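This report describes selected local features of one protein chain. The sequence and the structure are shown first.

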Amino acid sequence: MTQSGVCDQSLASPILRNASEWTEEFFATRLDTLKAEGRYRVFAEIERRAGDFPRALEHRLSAEVTIWCSNDYLGMGQHPEVLASMQRAIQDSGAGAGGTRNISGTTHHHVLLEADLADLHGTEAALVFTSGYVANEAALGTIGREIPNCMIFSDALNHASMIAGIRHSGAEKHIFRHNDPEDLDRLLRKADPGRPKLVAFESVYSMDGDIAPIGALCDVAERYGAMTYLDEVHAVGLYGARGGGISERDNLAHRLTAIQGTLGKAFGLMGGYVAGSHKLVDFLRSFAPGFIFTTALPPAIAAGARTSIEIVKNSPTIRSRHQDRVTRLKGLLAEVGLPTLPSPSHIIPFMVGDAAVCQDISENLLRRHAIYVQPINYPTVPRGTERLRLTPSPVHSDDDMFHLVEALKESWIRCVDPRFGQRASLMGGKT
């Protein structure tokens, strides 16, 4: 050790001196494995341009591209009223919140946003987190850890954030078959009737686009006195009379213990939240580390989210236009026989089944057709189910869709099956 207290690397043990070399080699080996499997993630360098969605500049190619995989489902991230609200908030309140929510970070914008979210879901209260992932991890982790002897019953296809929260809670976990109330009933029937129980599931599952039988799952949970936790992140803003999600559409929100959602998808910004009773929200506010120890969202984000929520609540036409675009694209893809997975939601999985081919198709779409669709590979989806995930928006035109379908056909012929063009012609599709 030198007089300054800095370790002299020349005196370090061989193990310490070689640690950097060893870890660099380890990282390189693991990355090489990803590349060999076709699962190495290549990020398109996209520059969104205000008012021009779904167009964007792709910097690698210095070219304009059309985005077909955005979670900004309604294009609200570029809405002029949302941008104006954020600009006013920055001028009035500055850039950051100034700390965690309990250390100077609770602004008037946050309080108003939480009231708006509670109103959206018809609950007593809501609590805002920095992301949907953090909201799930913090809420499920805290509930499962703090309620003595809690048992959590989780849908087999729940999001990674829900899985992480349940794991970190240390609670006893049981997994029921995806969207299967009978299997949930089987598991709850075997459980100790005296122990607290929580059933966790999603409304719209983001990779397959299927929708949970929320009512049937609530029936089972209520039969055994279990709490219910619903992740609505891919449904809020898009379904229901005011955009409250599938639970609002099906008039089921009042039967759920907690509703979790996001500001980062249909509302076009960032952040997550949990809505429920006053006591549930106060409990999470007081005990969830993911809330307590995290810097609050900037006031401008909260202000923009409030405006976005207000617009979406009062604009059923934007939801009907969105569903029209989804139906239109599904029909065009079906006409030519491209391999899409049927779904009742706005998510259209284009099934490829091979990681390397999925990457090839994505790159071909980008370079030859100026279309950006990111490949979805393991571990996001099981091996052998690799796909492109198409998300039409209200501002995708018919011409955009015709171009996408022709580009997908060309890419499929080039990368997968050269016989497809003839087969599509026989089916009546364009070649």
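The sections below treat the strands, several individual residues, the salt bridges and a surface patch.

The model is predicted. In general terms, the strands of a sheet pair through backbone hydrogen bonds, in either a parallel or an antiparallel manner.

A parallel pairing is found between strand β7 (residues 197-202) and β8, which are joined by five bridges. Here A200 stands opposite Y229 of β8. Strand β8 (residues 227-231) has four of its five residues buried and is therefore largely enclosed by the rest of the structure.

**Q260 and its surroundings**

Y229 is also among the contacts of Q260, a residue located in strand β9 (residues 258-262). Q260 has a relative accessibility of 0% and so counts as buried. Leaving aside neighbours within four places in sequence, Q260 is in contact with G132, A135, N136, Y229, L230, D231, E232, V233, Y273 and V274. One of these residues, G132, is 128 residues from Q260 along the chain, and the two C-alpha atoms are separated by 7.7 Å. The side chain of Q260 reaches the backbone oxygen of G132 at 3.1 Å.

S393 belongs to the loop between β14 (387-390) and α16 (398-415). With a relative accessible area of 2%, S393 falls under the 20% limit and is therefore buried. Its side chain makes a polar contact with the side chain of H396 at 3.0 Å. When residues up to four places away in sequence are not counted, S393 touches F53, Y73, H322 and R325.

H322, one of these contacts of S393, lies in helix α14 (residues 316-336). Is H322 buried or exposed? At 1% relative accessibility, H322 counts as buried. Apart from residues up to four places away in sequence, H322 touches Y73, L74, L238, H346, P392, S393 and P394. By contrast, the C-alpha atoms of H322 and R177, 145 residues apart along the chain, are separated by 31 Å.

**Salt bridges**

The whole structure contains 31 salt bridges. In general, side chains of opposite charge can pair when their charged atoms come close.

| Salt bridge | Closest N and O atoms |
|---|---|
| E222 and R255 | 2.9 Å |
| K409 and E406 | 3.7 Å |
| R414 and E410 | 2.7 Å |

E222 forms a salt bridge with R255. This pair links distant parts of the chain, with E222 in helix α9 (residues 214-223) and R255 in the loop between α10 (246-249) and β9, 33 residues apart. E222 is partly exposed at 43% relative accessibility, and R255 is partly exposed with a relative accessible area of 23%.

The two other tabulated pairs lie within helix α16. K409 and E406 are three residues apart in this helix, and so are separated by about one helical turn. K409 counts as buried at 3% relative accessibility, whereas E406 is partly exposed with a relative accessible area of 30%. R414 and E410 are four residues apart, about one turn of the helix. In this pair, R414 is partly exposed at 45% relative accessibility and E410 is partly exposed at 22%.

A network of salt bridges links R321, D324, R325, R328 and D398.

**A nonpolar surface patch**

W22, F26, F27, L31, Y40 and V42 make up a nonpolar surface patch of about 580 Å². Among them, F27 is found in helix α2 (residues 19-37). With a relative accessible area of 45%, F27 is partly exposed.

Definitions and conventions:
Residues numbered from 1 in each chain as written. Predicted model: local features only at pLDDT ≥ 70, side-chain atom pairs only at ≥ 80, totals over all residues. Heavy atoms only, no water. Patch = residues over 30% accessible without salt bridge, like charges linked within 9 Å, V, L, I, M, F, W, Y side chains within 5 Å. Areas by Shrake-Rupley, 256 points an atom, 1.4 Å probe, with all protein chains shown as cover. Salt bridge = Lys/Arg side-chain N within 4 Å of Asp/Glu carboxyl O. Buried < 20%, exposed > 50% of the residue type's maximum accessible area, 1.4 Å probe, protein only. Polar contact = N/O pair within 3.5 Å; in protein donor to acceptor, adjacent residues only side chain to side chain. Contact = heavy atoms within 4.5 Å. Pairing = 2+ DSSP bridges.
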